[in-house]
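Let us walk through this model from its overall layout down to single residues. Keep the viewer open as you read.

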Amino acid sequence: MRHGKKFNHLGRQTAHRKAMLANMACSLIEHKRINTTVAKAKALKQFVEPLVTKSKEDTTHNRRIVFSKLRQKEAVTELFREVATKVGDRPGGYTRIIKLGNRLGDNADMAMIELVDYNEIYNAGKKSKKTTRRSRRGGSKPAVAAPVETNASNEEE
């Protein structure tokens, strides 16, 4: 019985599934977005988001944990250098899944999964401006500029 087991097996044995997710995660880290089926994209999201969270704190232990999942040294290096610095202030939700329609050959639901901070189209409208709240009581008032005097002799000539 499979009571309470919600993991999608994707029609594969355990070793094949782990290898496929590791390869897809490395491709996602390298290319910042990949096209795949919706089911694989959802499984990849569950696989890669804890790894990105681990990469925010650069320790030897975290690097070894991530390397045991990804199995590619270059992907681990890029994850801890470029990706971690871009998502350092984000509390979660590092990936986005955009549905693309159906595949022509077998009519499978296709999706694009991407790292959120690397999409310039979605991030162009939003400006991450940090504002501070200031109280009206104790603050200093802004200085009022003195009015500029015009030279009356130049206007008469």
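Buried means under 20% relative accessible area, exposed over 50%, and partly exposed in between, with a 1.4 Å probe and protein chains only. Helices (H or I, at least four residues) and strands (E, at least two) are DSSP runs, numbered from the N terminus. This is a predicted model: local features need pLDDT of at least 70, side-chain atom pairs count only at pLDDT 80 or more, and totals for chains, interfaces and linings use all residues. Residues are numbered from 1 along each chain as its sequence is written, and side-chain values use heavy atoms, with hydrogens and water left out.

Start with the overall picture. The protein has 6 helices and 3 strands. Along the sequence they follow the pattern α-β-α-α-α-β-β-α-α. Of the 157 residues, 31% are buried. The exposed surface comes to about 12100 Å², and carbon and sulfur atoms supply 51% of it. Accessible areas come from the Shrake-Rupley method with a 1.4 Å probe; for residues, only the protein chains shown count as cover. Contact means heavy atoms within 4.5 Å. Take the contacts between residues at least 6 apart in sequence: 55% of them join residues at least 24 apart.

Now turn to helix α3, residues 60-70. Which residues of α3 are buried? They are Asn-62, Val-66 and Leu-70. These three cover an arc of only 60° around the axis, so they lie on the same side of α3. The arc is that of the directions from the helix axis to the C-beta atoms. An α-helix has 3.6 residues a turn, so residues three or four places apart point the same way. On the other side of α3, Thr-60, His-61 and Arg-64 are exposed. The buried residues of α3 pack against α1 (14-31), α2 (38-55) and α4 (73-86). After α3 comes Arg-71, with a positive phi near 65°.

Next, look at helix α2, where Lys-40 is placed. Set aside its neighbours within four places in sequence. Lys-40 is then in contact with Leu-10, Arg-12, Met-20 and Met-24. Met-24 is 16 residues from Lys-40 in sequence, and their C-alpha atoms are 9.1 Å apart.

Leu-10 has a positive phi of about 60° although it is not a glycine. Leu-10 is found in the segment before α1. It is buried, with a relative accessible area of 14%.

Move on to the strands. Two strands pair if DSSP finds at least two bridges between them. Strands β2 (residues 95-102) and β3 (residues 109-115) run antiparallel and are joined by 7 bridges. Ile-97 stands opposite Ile-113 in β3. The hairpin of β2 and β3 has 6 residues between the strands. In that loop lies Asn-107. Asn-107 has a positive phi of about 65° although it is not a glycine. Is Asn-107 buried or exposed? Asn-107 is exposed, with a relative accessible area of 52%.

Finish with the rings. A charge sits over a ring if NZ of Lys or CZ of Arg is within 6 Å of the ring centre and within 35 degrees of the ring normal. The charged end of Lys-32 sits over the ring of Tyr-118, 5.0 Å from its centre. The charged end of Lys-86 also sits over the ring of Tyr-118, 4.5 Å from its centre.
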